[in-house]
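The sequence and the model come just below.

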Amino acid sequence: MTVAPAYQVLAERIRVDIISGQLRPGERLPTEPQLCEQSGLSRSTVREALRLLSSQHLIVTTRGVNGGSFVAEPDPRALGDTLSDGVGRLLASGAVTGEDFLEVRRMLEVPAAGLAAARREPHHLLEMERAMFDPDHDDIARRVEAHAAFHLAVAAATGNPLLGLVVRPLYAMLSDRDAVEAAAPPPFWRAVDRDHRVLLAAIREGDVARAMELARMHIDNVRPAV
């Protein structure tokens, strides 16, 4: 059995305390000398554990008289980026297929469209409008960025921040812009633009049933490009 390095063991112990709520956001961790004394590890090992926790966005470390390591406030964007990296690796390895991707999108985004129609505020509609693109003139980078931005804006309009966090990693599949461009010819992007515009209209009108049906149709329409 492989034994984990000492710094990973220490980092995992602290991570468990953070995830369980035993250590709360903003709470100061023991100092490096205190951690050395508690764990029996060297200063360099303790610092490596803290660096690992920092890379996982679990703690922040500041310098100065009042410095130290503190439990980080939850950052939905950072958490979403971490999840996106994981989804991207699963897709690249072949462990997750395009059909898996679409199935999860149906499970999450169809009811989300209905919630958005019921709960949207004017600023949510504005964000969706800003995510529109020109399928014939905007470059692939803009199209991919706008596609993700529109669906994230719909998720935000549900008023459920956890949904936005979960939906964000689904767009890791669209991060390889060259692959998207090769797989998705111009007619695909025209269809995406059309779908986004009619879905926005249904959400603006507060039509829950139509928003859900349009979201389902949109996801089915993207299958040829996945």
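## Contacts and overall make-up

Two residues are taken to be in contact when heavy atoms lie within 4.5 Å. On that basis, among contacts in the chain between residues at least 6 apart in sequence, 71% join residues at least 24 apart. The model is a predicted one, in which local features need pLDDT of at least 70 and side-chain atom pairs count only at pLDDT 80 or more, while totals for chains, interfaces and linings use all residues. Residues are numbered from 1 along each chain as its sequence is written, and side-chain values use heavy atoms, with hydrogens and water left out.

The chain holds 11 helices and 2 strands, where helices (H or I, at least four residues) and strands (E, at least two) are DSSP runs numbered from the N terminus. Read from the N terminus, the order of elements is α-α-α-β-β-α-α-α-α-α-α-α-α. Of the 226 residues in the chain, 38% are buried, a term that stands for under 20% relative accessible area, with exposed meaning over 50% and partly exposed the range in between (1.4 Å probe, protein chains only).

## Helices H1 and H3

Helix H1 (residues 6-19) and helix H3 (residues 43-55) have axes that come within 8 Å and cross at roughly 50 degrees. This makes H1 oblique to H3, given that angles under 35 degrees count as roughly parallel, over 145 as roughly antiparallel, 65 to 115 as roughly perpendicular and the rest as oblique. The axes are lines fitted to C-alpha atoms, for helices over the stretch in contact, and the angles run from 0 to 180 degrees between N-to-C directions.

The crossing of H1 and H3 is right-handed; a crossing has this hand if the near helix is turned clockwise from the far one by less than a right angle, and is left-handed if the turn is anticlockwise. On the H1 side the contact is made by Ala 6, Tyr 7, Gln 8, Leu 10, Ala 11, Ile 14 and Arg 15, which meet Thr 45, Val 46, Glu 48, Ala 49, Leu 52 and Leu 53 in H3. The residues of this contact of H1 with H3 divide into 9 nonpolar, 2 polar and 2 charged, where Ala, Val, Leu, Ile, Met, Phe, Trp, Tyr, Cys and Pro count as nonpolar, Asp, Glu, Lys and Arg as charged, and the others, Gly among them, as polar.

## Helices H10 and H11

Helix H10 (residues 186-205) and helix H11 (residues 208-221) pack at an angle of about 165 degrees, their axes being 9 Å apart. H10 is therefore roughly antiparallel to H11, and the crossing of H10 with H11 is left-handed. In H10 the contact residues are Val 192, Arg 194, Asp 195, His 196, Val 198, Leu 199, Ala 202 and Ile 203, and they meet Arg 210, Ala 211, Leu 214, Ala 215, His 218 and Asn 221 in H11. By class, the residues of the contact of H10 with H11 divide into 8 nonpolar, 3 polar and 3 charged.

His 196, found in helix H10, is buried, with a relative accessible area of 1%. Leaving aside residues up to four places away in sequence, His 196 touches Met 132, Phe 133, His 147, Phe 150, His 151 and His 218.

## Salt bridges

How many salt bridges does the model contain? With a salt bridge taken as a side-chain nitrogen of Lys or Arg within 4 Å of a carboxyl oxygen of Asp or Glu, the count comes to 13. One of them joins Glu 32 to Arg 43, the closest N and O atoms being 2.6 Å apart. Glu 32 lies in helix H2 (residues 32-39) and Arg 43 in helix H3, so the pair ties together parts that are 11 residues apart in sequence. Glu 32 is buried, at a relative accessible area of 17%, whereas Arg 43 is partly exposed, at 40%. Glu 32, Arg 43 and Arg 47 are linked in a network of salt bridges.

Arg 130 and Glu 127 form a salt bridge with their closest N and O atoms 2.7 Å apart, and both lie in helix H6 (residues 122-130), 3 residues apart, about one turn of the helix. Arg 130 is exposed, with a relative accessible area of 53%, and Glu 127 is partly exposed, at 38%. In the salt bridge of Arg 106 with Glu 99, the closest N and O atoms are 3.6 Å apart; Arg 106 is partly exposed at 23% relative accessible area, and Glu 99 is partly exposed at 39%.
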